[in-house]
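Please walk through the two ligand sites of this model, with attention to how each contact and area is defined.

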Amino acid sequence: MSKKIFSGVQPTGNLHLGNYLGAIKNFVDLNNDIQNECIFCVVDLHAITVKQDKDQLSNNILETAATFIASGIDPTKSIIFNQSKVHAHAEGSWILSCLAPMGWLNRMTQFKEKAGKDKEKASVGLYIYPILMASDILLYDATHVPVGEDQKQHLELTRDIAQKFNKDFNCDDFLKAPEPLIKKNFARIMSLKDGLKKMSKSDPSDLSRINLTDTKDEIINKIKKAKTDSYPIPDEEKKLIDRPEAQNLLSIYSSISSQTLDKTLVEFGGKKFSEFKNQLAEILSSKISPISEEIKKLINDQEYLNKVLAEGASKAEDIAGKKIKEMKKIIGF
Ligand code: AMP
Ligand code: TRP
């Protein structure tokens, strides 16, 4: 059955292995299935929920688009665009924010994490960020949304908002509740320095993550320095309990080689980490450095990137523009 895919990535710089394995690698697989209609959005309106530097923001928008293309998303098959170019996203977000109860938003754990201790100082935008995300998805009647584990709660909220709109305005199946596509075992890639912390662009230590722009030598060095424990590699998944760093590195290996964790454990069970790390560094650099080189090449061709984004925005506008018009009619505007 054909799927309508929508997903977004924030242009906040330092895209890393977690973004790649948790999200972008799946975008590529979905793009490659000819039955799917895919839309991949650089969510720049989400990025400004925290303060951004103007020049860095515009560079990061292009770099995120370049990363999509360098990873293997074909812009002649999938729509690639940036959110701020299509008015309907912000307009839809306002409409949906008028029906989503505050109680639902108060449960969002990402807001609590990002706002930190002093919630009073966080922007209102950061608080209603999940509603903008719901608007993104619902405007395109997306059936499936590929994301990492951290976005699961936002997708549940999206489904609730869709159902509430349909009920409040008595319009049955007008907004489509989407299904999340979250890869078991690989949807939460952890820091290379602490297996209990998510790999993140905001971690002050660059050694905690593999950036998609890292060179081969940087990747090898980071894997060499990655935290492990002093036991050999187990041969069964249940023996990974309470060994978060081992679990993380073995999951990374499995995901990047597109094989199950079980198969990796059969391959390396009983061996030392030093041997495993050599192979992990080898496969990571063979998969990531070509992407990194292609990103660098594309970044120098801004004319091409701007053209891809403009064409994508025009196609996205056709779809979202129609949906928002119908939405406004249903409301009574
Ligand atoms: P963001 O950069 O926050 O816009 O995230 C883009 C996508 O990458 C989302 O689908 C996230 O769920 C995913 N993602 C971010 N960090 C990780 C991680 N450490 N492990 C797995 N997926 C991640
Ligand atoms: N909130 C997502 C993140 O931080 C990014 C995002 C915005 C998104 N709109 C979306 C993801 C729509 C999927 C679908 O990772």
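A nitrogen atom of ligand 1 lies 3.2 Å from a backbone N or O atom of Gly-18, a polar contact in the sense of a pair of N or O atoms within 3.5 Å. Two further contacts of this kind involve Asp-150, which has a polar side-chain atom 2.4 Å from an oxygen atom of ligand 1, and Ile-189, which has a polar backbone atom 2.8 Å from a nitrogen atom of ligand 1. On its own ligand 1 has 490 Å² of accessible area, of which the protein covers 93%; such areas come from the Shrake-Rupley method with a 1.4 Å probe.

This is a predicted model, in which local features need pLDDT of at least 70 and side-chain atom pairs count only at pLDDT 80 or more, while totals for chains, interfaces and linings use all residues. Residues are numbered from 1 along each chain as its sequence is written, chains are lettered from A and ligands numbered from 1 in the order in which they are written, and side-chain values use heavy atoms, with hydrogens and water left out.

Around ligand 1 there are 17 residues, the nearest being Gly-148, Asp-150, Ile-189, Met-199 and Lys-201, where a residue is counted if one of its heavy atoms lies within 4 Å of the molecule. Helix H1 (residues 17–32) contributes the most to this shell, with 4 residues; helices are DSSP runs of H or I with at least four residues, strands are E runs of at least two, and both are numbered from the N terminus. By class the shell holds 6 nonpolar, 7 polar and 4 charged residues, with Ala, Val, Leu, Ile, Met, Phe, Trp, Tyr, Cys and Pro taken as nonpolar, Asp, Glu, Lys and Arg as charged, and the others, Gly among them, as polar.

Turning to ligand 2, its shell has 13 residues, of which Gln-10, Tyr-129, Met-133, Asp-136 and Gln-151 are the closest. The side chain of Tyr-129 places an N or O atom 2.6 Å from an oxygen atom of ligand 2, whereas the side chains of Asp-136 and Gln-151 each have an N or O atom facing a nitrogen atom of the ligand, at 2.7 Å for Asp-136 and 3.0 Å for Gln-151. Taken alone ligand 2 exposes 370 Å², and the protein buries 91% of that.

Strand E1 (4–9) and helix H7 (124–138) each supply at least two residues of the shell around ligand 2, and the largest share, 4 residues, comes from H7. By class this shell has 7 nonpolar, 5 polar and 1 charged residues.

How values were computed
A polar contact is a pair of N or O atoms within 3.5 Å; within protein, one must be able to donate a hydrogen and the other to accept it, and residues adjacent in sequence count only if both atoms are side-chain atoms.
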